[in-house]
Amino acid sequence: MHRRGRLARLLLVAGFGLLLAAWVGSNAPGFGPDEPANFVKEVGAGTGQWSGTPGRLAHPAFGAQPGAPERIDWINRNSRVFRLPAGLDPGRAGFPCNLFRNWLSVSCLDRPHPRPPATRALSYVGTYEPYVYAVPGAAMAHTDTALGALYTGRAVTAALVAGLLAVAVAAAWSGPAGPLSVAGVLLAASPMVLFMGSVLGTNGIEIAACTALFALVLRMGRATGPPRWAWPAVGVVGALLALSRPTGPAWVLLAPLVGLVLAQRRAGRWRSADRWRSATRWRRAWPVLWLGLAAGGVVATALWERAVQPHPGIRRALVVEGLHRLPHDADAWVRQWVGVFGWASLPMPTYAYRIWWLAVVVLALVALATGPWRARLGFVAVLVGAAVVAVGLDVVVLRQTRFPVYGRYLLPLAVLLPLAAGEIVTRQAARLPGAVRRLIQVAVPLAVAAVHLVGLWANARRYAVGTGGPVWFLGRSQWNPPGGWSPWFALAAAGTLCLVAFALTGLRATPATPGAQTAGGPDTGDLTAYPTETGDGHTSDDYASDDGYASDDGYASDDDYSTNDGYAGDDHRASRHEDAARRASGAEVAGTTGRTAPGKPTDPGRHRAFPTGDD
């Protein structure tokens, strides 16, 4: 089972990575949201120009749209001018072209363009935090052409996003639950997440980092406690998230609240406190060290926001207008959270959204049906809290700039729905009927794979022949990405096949049932303790986990002869073998040495194959 679990995780991470690579190459240059402005900002940050010099739009035009003067003023307050090396001017390179004309191909990108000399260019995201922009920007600055710089920056961004999604998969994985445990991550990583993670800018990194951080805090809330690697992951991911965008610190501060609301109760809390007091100074400093790293990211962004970033005022009329527009905006967000590509102008077929949201709703209903009351209330509280934060950001902050609130700005909150539902289902996996468990393990990855493939094809068709062109455009394409369409669709097909193969591992997964030994031994990649017979007759609970503690609640008893509830009788000491057997079977072993101490009856349902949450 350990090898099978490792293979399943590798297939899932490989699938995400290959799909990201397909997005990097197949998406037309300049057709990520605000990609030319992000291009200039990244090259500027990568060459040490963190704040640039103030600038204004030369020819602003928003037509007769309401609030056009306020929009122009907001853009000019955020605009900065940066020096660009020779050849790295996205405007002279001609991308994007035919923007918002979805019925046309982008064959205009193939026009010859002269190599421009070193120049200066304006970016209307110039005041944004430069910390994460500088990472792909440093690589872009060493290229010779704007096209090469764009694909280099995309590749670096996609690599960061792939790593963050791998952290989310590792955090969500549970050995006993198997492929079921990452259903939430699968549904959080929508085509929109991969699309945003494959274009220039930091929004995709913010979304992926938020997915990883929420998955980590949910994992740390399991009854067995966090593995040792979770703290470094929280520190690094939290710092990256805080430094990515102005809203990053808000998600970092929200994450521990989500973890606390959905945390499982742990037995023997008094023993946990004793262990903390008696732990070495280094062990106590371990979490603080990494939390300090995340806090440092929050402080750095807060200082930048105060010193450089302009902030809109709060006008009551715009708040009221935003509240009136919420139903319309929410309808757009629901689609944009799954996938509306280009500059929020290229949707997928309607059935793709229905498939995705059907899978999300089913997972949420299973969580509500199987979770204990405490988990259900926590789930509802998380959703209500996320909705309140989203509405607040919409009407109090973003709406005040007179620009629409795009779904990608709120995607870091939207991923909470599938992640929280998936975590509750993971903790209750042993209680699920086998048919329901296998349905989720197989149907969710297959649905995800299908929608990802549909999104990639719809996006490619728009640039190849336009939305009015033939559905099967291969051989009739008016624009081709570098190398043609074949290598990028080969990557997309390989990524899709990885997700299909991951789904097939769900057919072979052995359901864990309460009170039954899990076949195949423990998955050491998961720190959840569950009784499994080892080669010398001991159970896995008799040995220390990766964080140095052992027992059902993650801590070792001071007395080798103590029972699981911490009570040891003087003349009723059970051997460790019999104690392990009782825990594996969920009931007391008959025999003269297997009696419990007086006044301490054993609850047969107490020790399960793995933690299932509050009963």
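Residues are numbered from 1 along each chain as its sequence is written, and side-chain values use heavy atoms, with hydrogens and water left out. Because the model is predicted, local features need pLDDT of at least 70 and side-chain atom pairs count only at pLDDT 80 or more, whereas totals for chains, interfaces and linings use all residues.

The protein chain contains 22 helices and five strands, where helices (H or I, at least four residues) and strands (E, at least two) are DSSP runs numbered from the N terminus. Of the 615 residues in the protein chain, 54% are buried; here buried means under 20% relative accessible area, exposed over 50% and partly exposed in between, computed with a 1.4 Å probe on protein chains only. Among contacts in the protein chain with a separation of 6 or more, 80% are made by residues 24 or more positions apart, a contact being defined by heavy atoms within 4.5 Å.

Two packed helices are described by the angle between their axes and the distance between the axes. The axes are lines fitted to C-alpha atoms, for helices over the stretch in contact, and the angles run from 0 to 180 degrees between N-to-C directions. Helix H16 (residues 350-370) and helix H20 (residues 434-464) have axes that come within 10 Å and cross at roughly 155°, and the two helices are therefore roughly antiparallel to each other. In this classification, angles under 35 degrees count as roughly parallel, over 145 as roughly antiparallel, 65 to 115 as roughly perpendicular and the rest as oblique. The crossing of H16 past H20 is left-handed, a term that applies if the near helix is turned anticlockwise from the far one by less than a right angle, with right-handed used if clockwise. On the H16 side, the contact is formed by Tyr351, Ala352, Ile355, Trp356, Leu363 and Val366, which meet Val436, Ile440, Ala447, Val448, Val451, His452 and Val454 of H20. The residues of this contact divide into 12 nonpolar, one polar and no charged, where Ala, Val, Leu, Ile, Met, Phe, Trp, Tyr, Cys and Pro count as nonpolar, Asp, Glu, Lys and Arg as charged, and the others, Gly among them, as polar.

Helix H20 also packs with H1, at an angle of about 10° and with the axes 11 Å apart, and H1 and H20 are therefore roughly parallel to each other. In this contact Leu19, Ala22, Trp23 and Ser26 of H1 meet His452, Gly455, Leu456 and Asn459 of H20. By class, the contact of H1 with H20 comprises four nonpolar, four polar and no charged residues.

The structure holds 17 aromatic pairs, with rings of Phe, Tyr and Trp (its six-membered ring) taken to pair if their centres lie within 6.5 Å, and with planes under 30 degrees apart counted as stacked, over 60 as edge-to-face and the rest as tilted. One of these pairs, formed by Phe31 and Tyr463, is tilted, with 4.8 Å centre to centre and 55° between the planes. This pair links distant parts of the chain, since Phe31 lies in the loop between H1 and H2 and Tyr463 in helix H20, 432 residues apart. Phe31 is buried at a relative accessible area of 2%, and Tyr463 is buried at 1%. The rings of Trp479 and Trp485 have centres 5.8 Å apart and planes at 80°, so this pair is edge-to-face; both Trp479 and Trp485 are buried. Ring pairs also link Trp457, Trp472, Phe473, Trp479, Trp485 and Phe489 into a cluster.

In helix H3 (residues 68-78), the buried residues include Ala68, Arg71, Ile72, Trp74 and Ile75, and what covers the buried residues of H3 includes strand E2 (80-84) and E3. Arg120, which is placed in strand E3, counts as exposed at 51% relative accessibility. Not counting residues up to four places away in sequence, Arg120 touches Thr53, Val81, Phe82 and Arg83, and the C-alpha atoms of Arg120 and Val81, 39 residues apart along the chain, are separated by 6.5 Å.

Several backbone features fall in loops. The peptide bond from Phe95 to Pro96 is cis, with omega near 0°, and Pro96 is found in the loop between helix H4 (90-93) and strand E3 (119-123). Phe100, found in the loop between H4 and E3, has a positive phi near 70° although this residue is not a glycine, and Phe100 is partly exposed, with a relative accessible area of 47%. Asp34, also not a glycine, has a positive phi of about 55° and lies in the loop between helix H1 (2-26) and helix H2 (35-46).
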